[in-house]
Each structure stands twice: as C-alpha cells, then as structure tokens.
Amino acid sequence: MSDISKSMALFAKGSAINSHGSLEFYGTSVQDLLEKYGSPLYVVDTDEVRERAQYFVNTATEAFHNTTVHVSYAGKALLTKRLVRIMLETGMHIDTCTMGEMRIALAAGAPGRRLVLHGNNKSYEELELAIREDFDKIVVDEPQEPARIAAIAKRLGTRARVMLRVSAGIHAGGHEFISTAHEDQKFGVALLSPTQNQTVPDFDNVSRETLEVLRTSPALRVLQEILKYPELELVGIHSHIGSNIHDADAFMQAAKRMMALRKTLYCTDAYTLPEVDLGGGYSVAYLEDEDSMDIALELQKLAQSVKETNAQLGMPMPVISFEPGRWIIAPTGCTLYTVGTTKTVQLPDGTYDSKGNLIHQRRYISVDGGMSDNIRPALYGAEYTAVLANRTSESEPVLSRIVGMHCESGDILVHERYLPQDITRGDILAIPLTGAYGRTMASNYNQALFPAVVAVSKQGSSVMLRRQTIEDLLEYDQD
Ligand SMILES: *Cc1c(COP(=O)(O)O)cnc(C)c1O
C-alpha cells in the first residue's frame, strides 16, 4: 500500500491518487501545481469550503429548528475576497477583528449587516468604520467600550448594534476543559467576580440563588450600562471558550451560564436579550488516528440542552449564533513543500519514539518552507502529519522529522513520522489540515516570502493570494 492512501481521508475532498501514484486535485497533480505556482504552496479546495460552510449552516439550522440561527465564519482562520463571497453565498456572516480583515470583507462586497467586529483593543478607526458600515454586531470586550462606541455613533448621528463578550469561566481547547471563576485572561467581561470564586453557583439547575449571585455579575453591570445609551442597541451576549475543542460538554456549560445571565437581565431590567452567540472552537482531526467531531450530533445535543435550559428558566429562545473558523477551512487546505537536504542522525542509547519503540536513528528531511508558513507546531506544539505526494514508494518507512529552512532549531513542522527511506531532494511532501491558521499566521521570518494560496475546484486551479516576491520585500524597505 502506498504511503499516501493511508492518509487520504485527511486531504480535501477533491484530492485523489492518480495512476502514477501522485496526489492530485481535480485532476491536476502536485507536480503540475508546483510547476505552475511555485513551491511551497498552500492549496485550498474551494468546492469543499462551500460544502462545509453550507453543511454547518444547514446542520445548525436543523438542530435549532424553530429558532433563528446565524453562523459567522471566523475570518482570522483564512481570509480572501473569494472566500468571503463563498461564505456569504452559503448564508454566513463574517467575523472580523482588525481594520485589515474588515477592509478585505468589505472589498469582497460584504454588506455591513453581514459583518461582525471583535477585538479586545479596537482602534477608533475600526469602530468608526464598523458603525459607518452598519455592522450587524460590534462585540464589546471591556467596560469602557460602550462609552467609546456611543460617542462615535453620536458623532456620526447614528446607532450601533452591540453585543457583550462574556467570559463565562469555561476555558476549553485540545482535549480538556477547566471550569472556574478565575478570569486571568484578556478577553471579555467576567460573568463571576473574583469574590464569587469560592462558591460558583449551580448552573445545571438554575435556582433563585444562582440568579441572586448573578445580580452582582461584572458582565451584568456592563449590560446595564449599555442599556443607558440611546446610541447603542443591545443585541445580545457572546461567549467564545477556546479553540479546537473536542468536548461538546464545555459548549453546553458555557451556554447554560449565558442563558442564566440573560434571565438575570430580564429579572433586573425587564430586557430580553435577542441573541446569544456561542462562539467557535469546533475541532477537526489533524492526524490519521484522531477522531473527528460529529458536528451534527454535537449541535443537536447543544440545541437540546439550550432549549431545556430556557424552558426551565421560562425564557423564550434567543437567536443562536456560531462562529466556526477552523472547522470550516482547516480540512480543505494543505501545504505542498519540495524536499531539499536530508540527513540521518544517530540517537543516544535508550531513545524511544512516542509509541515506546526503541529507536537508534532519526532522519531529518528539510523542506523549502517551515515556521514562517506554519508557526503552529513551534508556537504551541500543534501536530501535523505528512505524506510523500509525488510518487509511491516501496522503500522501508523510517523515523523522520520534517524541518523547515529557518535559522532556528525549533523550526519543526512534523516531529515524528515514519516516511519512506528513499525520500530525496526534489520529492514533494504534502501536509494536510493547513487550511486554517497557516497563511494567516505566516511571517516573513528570515525574509521568507509568503507562499501563494491556490484555489482548486471543478473549475480548475487559480491563485487566490499571490506569492510574495523579492520585489515586495525590497519595496517595504525604505532607504
Ligand atoms: C478564533 C475565534 C473564533 C474561531 O475559532 P475556531 O477555533 O477557528 O473555530 C470564533 N470566535 C472568536 C471570537 C474567536 O476569537
């Protein structure tokens, strides 16, 4: 069996192995793609992007039937004008959090009413643009922000729709989550004050006591402050608890807390928050042996829980919104690299691989990219897999480490992977799942050039983001 076929489930839907044993997308081989667009290269299957976006919208809408659902695509995962248009066509809104993201979405023709602005430190110019363009939501992140937004809206002679980002005390990501009232992080206004830390109220069975505790919630205070400004329309509350979350229970706990806060505001101010945004963070499988999240099942469980909670609280269902980024885009993308230097190092006696096998040597395979086009492994130990993409090989798999070309020994893309021994200069390696947080987190470290992002689909291939050139670098540098 070829090395590629074991990993094909991790590549985009439009991928296949052709009769020469090479990875291809809609009939175009990786060799042809690199020849045409250069190496390294990000490849994104835009037909699958559309399919996944539509699937998320439809699945969430079905799960919460009889309730309005809004889904926003988190643009920070990967943003191009073409992707913005695809998302809009599937009914999605777009989440932005900087002037750059806002301008790209607007340049793609997104109406303000389909855009959301996030951020813990928004500039005057960003707020002004969002208000001018009549954004669907500006997500307030701190207690002083309502006054800033109201003042700008007043100056512009208009109103702004705002949400409050609430830090629910649930932080999740990877495989575990913690639930605490400690709020030692930069985002949002805390649901519970530090003095409430010792006795976190019961959110599973919200009682009179739970609501009593929430009457002194820092988040409640900011919501009440927002209600005082005639220039602000309070649309709802927002909770984003982390990224790449596998455990749907974390979303349910956060949702319960949000619904309890909504009920409290109804009790104190007779105001029913129209919308509750449950954020993003849905996980994908990065490796062959990882389970992927059954999004339909998880959204059904969440819908059931949210409906029960609101029934218990005697509250009508709010509009429910979601903000997936990674789940939509990560599996649709991969990065192609060309192999350069390879070397084998002898390991000290008593060295084991991660599966506990005694190992004596490790092969280093250097590629023409690295931490500048995928910082995630170096930044927080994110794991990826890789395949030999331009041919099959019957050569024995050996323990290999894929490293980049940067002046940094931590410049590792894949720590441990058994790859054919005969991989050599000029071969092509493909790393799947780089659609999210690859290009958008890229840097010019060592003056490396941003690779192009190429769209592949039934229509063929075309450049979405062009490759940076040496001329671009020289132009930045003013004598
Ligand atoms: C990052 C982020 C998202 C998207 O997270 P994913 O893990 O890519 O789904 C959604 N909402 C907010 C506020 C975010 O910061």
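**Reading strands, burial and contacts**

Mentor: This is a predicted model. Start with strand β5 (residues 69–74) and strand β6 (residues 93–96), which run parallel and are joined by 3 bridges.

Trainee: Which residue in β6 stands opposite Ser-72?

Mentor: His-93 does. Now follow the chain from β5 to β6: the path goes through helix α3 (residues 81–89), and this β-α-β crossover is right-handed.

Trainee: Which other strand is joined to β5 by 3 bridges, and in which sense do the two run?

Mentor: First the general idea. Strands of a sheet pair through backbone hydrogen bonds, either parallel or antiparallel. Here the partner is strand β16 (residues 319–322), and the two run parallel.

Trainee: Why is β5 described as largely enclosed by the rest of the structure?

Mentor: Count the buried residues. In β5, 5 of the 6 residues are buried, so the strand is largely enclosed.

Trainee: What does an antiparallel case look like here?

Mentor: Look at the open sheet of 3 strands, ordered β1-β2-β3 with antiparallel pairing. Its edges are β1 (15–17) and β3 (28–29); each has a single partner strand, so one side of each lacks a neighbour in the sheet. Between β1 and strand β2 (residues 23–25) there are 3 bridges. In one of the bridge pairs, Ile-17 partners Leu-23 of β2.

Trainee: Now single residues. Is Val-49 buried or exposed?

Mentor: Use the cut-off: buried means under 20% relative accessible area. Val-49 has 0%, so Val-49 is buried. This residue is in helix α2 (residues 46–63).

Trainee: Which residues does Val-49 touch, leaving out those up to four places away in sequence?

Mentor: Val-44, Leu-83, Ile-86, Met-87, Ile-328, Ile-329 and Thr-332. Sequence distance and spatial distance are separate things to read. Val-49 and Trp-327 are 278 residues apart in sequence, yet their C-alpha atoms are 10.0 Å apart.

Trainee: Where is Gly-38, and how many residues separate Gly-38 from Arg-467 in sequence?

Mentor: Gly-38 is in the loop between α1 (30–37) and β4 (41–45). The sequence separation is 429 residues, while the C-alpha atoms lie 8.3 Å apart. Beyond its neighbours within four places, Gly-38 contacts Leu-33 and Arg-467. Gly-38 is partly exposed, at 22% relative accessible area.

Trainee: Which residues form a nonpolar patch on the surface?

Mentor: Leu-379, Tyr-380 and Met-441, with about 290 Å² of accessible area together. Tyr-380 is in helix α12 (residues 376–380). Its relative accessibility is 45%, so Tyr-380 counts as partly exposed.

Note on methods
Residues are numbered from 1 along each chain as its sequence is written. This is a predicted model: local features need pLDDT of at least 70, side-chain atom pairs count only at pLDDT 80 or more; totals for chains, interfaces and linings use all residues. Side-chain values use heavy atoms; hydrogens and water are left out. Helices (H or I, at least four residues) and strands (E, at least two) are DSSP runs, numbered from the N terminus. Buried means under 20% relative accessible area, exposed over 50%, partly exposed in between (1.4 Å probe, protein chains only). Contact means heavy atoms within 4.5 Å. Patches are made of residues with over 30% relative accessible area and no salt bridge: like charges are joined within 9 Å, nonpolar side chains (Val, Leu, Ile, Met, Phe, Trp, Tyr) within 5 Å. Accessible areas come from the Shrake-Rupley method with a 1.4 Å probe; for residues, only the protein chains shown count as cover. A salt bridge is a side-chain nitrogen of Lys or Arg within 4 Å of a carboxyl oxygen of Asp or Glu. Two strands pair if DSSP finds at least two bridges between them. A crossover is right-handed if, with the strands pointing away from the viewer, the path from the first strand over the helix to the second runs clockwise.
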